[in-house]
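Dear colleague,

I am handing over a structure that will be new to you, and my notes on it follow directly below. Please keep the sequence and the model open beside them as you read.

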Amino acid sequence: ANFSRSILGLKPSIGLQQLTTNLAFLTEMSTKDYMQGIADFWRNPAANFRKAMQSDYIRARYNQGMERDIAAAKNLNLYRRAFSGQGSIKDWAFALLEMGDKVGVLPGWWAKYKQGLRDGLTDAEAMREAGMATDRTQNTAAIDTLSSLQSGGSFWKALTMFQNQPNKYFQIIANNVRNLKYGRGSEAKAIASIVLAWALLPALFQFVADGFRIKKERQARAVILGPINDLLVIGQISQQIGNWLMGEN
């Protein structure tokens, strides 16, 4: 937990990288619904943020931690908060990351929520559907959204640190490949979702990580290896081998 805080805490670049994950919501709805929802959110972001915070899912996401390792770090101060009502200065280490996550996730959550309302769902049902879409596309801490490796003991948790979001991309690819195989849903939508998770999102994430510079070798690795990069444990190993081959640290 302390290691994750030292790696993720107070780093603006990681907060900016969080913004790119919003596009993953496109795998959950049509482009039209996505664009309408994003535009609607930013028309009145303060009021819409307050509305989103009425969702049990959104409150839990930011009170308990939006990702497994972040939730573990926050839990170190659980007893202090419980008995004193105050947190620790360490809680602020994730402030930039949390801000990036809110700007990146909440507009997509809102777009899915508004789509649910248009489809005739009640307010509570639309919020629940938006939360489930967020679990399928974004970093999450809920145990039912993690694989057996991610919810294993300390050894497996160490091997799967910082791999929650890449693993979600792998799941998006795998689910849509199965949809194509068995003829479920729109073929065009499935192909678009695979391209988005395989190439576009990793390339965009790498672009931000490289300081908004295009480094051809890193971009090629992100796009060509695609889901191999996203596999738990194996993805980290493949990236390290790639770094060695390219002469990087």
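To begin with a single side chain, does V208 count as buried or exposed? V208 counts as buried, because its relative accessibility is 8% and buried means under 20% relative accessible area, with exposed over 50% and partly exposed in between (1.4 Å probe, protein chains only).

Before going further, please note that this is a predicted model, in which local features need pLDDT of at least 70 and side-chain atom pairs count only at pLDDT 80 or more, while totals for chains, interfaces and linings use all residues. Residues are numbered from 1 along each chain as its sequence is written, and side-chain values use heavy atoms, with hydrogens and water left out.

V208 is found in helix α12, where helices (H or I, at least four residues) are DSSP runs numbered from the N terminus. Leaving aside its neighbours within four places in sequence, V208 is in contact (heavy atoms within 4.5 Å) with S13, L16, Q17 and T20. V208 and I228 are 20 residues apart in sequence, and their C-alpha atoms are 20 Å apart in space.

Not counting residues up to four places away in sequence, T134 touches F25, Y57, R61, V105, W109 and T140.

Next come the pockets. On a 1 Å grid over the protein atoms alone, a pocket is an open set of points where a 1.4 Å probe fits, with protein on both sides within 12 Å along at least five of seven lines, and lining residues have an atom within 4 Å of a point. Grid points are joined across faces, edges and corners, and a volume is the space filled by probe spheres set on the points.

The largest pocket has a volume of about 1,200 Å³. It is lined by 35 residues, of which Q17, F162, F205, Q236 and Q239 are the closest to its centre. Among the elements that give two or more residues to this lining are α1 (2-8), α2 (12-20), α12 (187-209) and α15 (234-245). The lining of the largest pocket divides into 14 nonpolar, 14 polar and seven charged residues, where Ala, Val, Leu, Ile, Met, Phe, Trp, Tyr, Cys and Pro count as nonpolar, Asp, Glu, Lys and Arg as charged, and the others, Gly among them, as polar.

The second largest pocket holds about 320 Å³ of space. Of the 18 residues that line it, E28, R136, I172, N175 and N176 are the closest to its centre. Helix α11 gives the most to this lining, with six residues, and by class the lining has two nonpolar, nine polar and seven charged residues.

Finally, the aromatic rings. Rings of Phe, Tyr and Trp (its six-membered ring) pair if their centres lie within 6.5 Å, and planes under 30 degrees apart count as stacked, over 60 as edge-to-face and the rest as tilted. By this rule there are seven aromatic pairs. One of them is the edge-to-face pair of F41 and W42, at 5.1 Å centre to centre and 90 degrees between the planes; F41 counts as buried at 4% relative accessibility, whereas W42 counts as partly exposed at 43%. F41, W42, W109, W110 and Y113 form one aromatic cluster.

With best wishes
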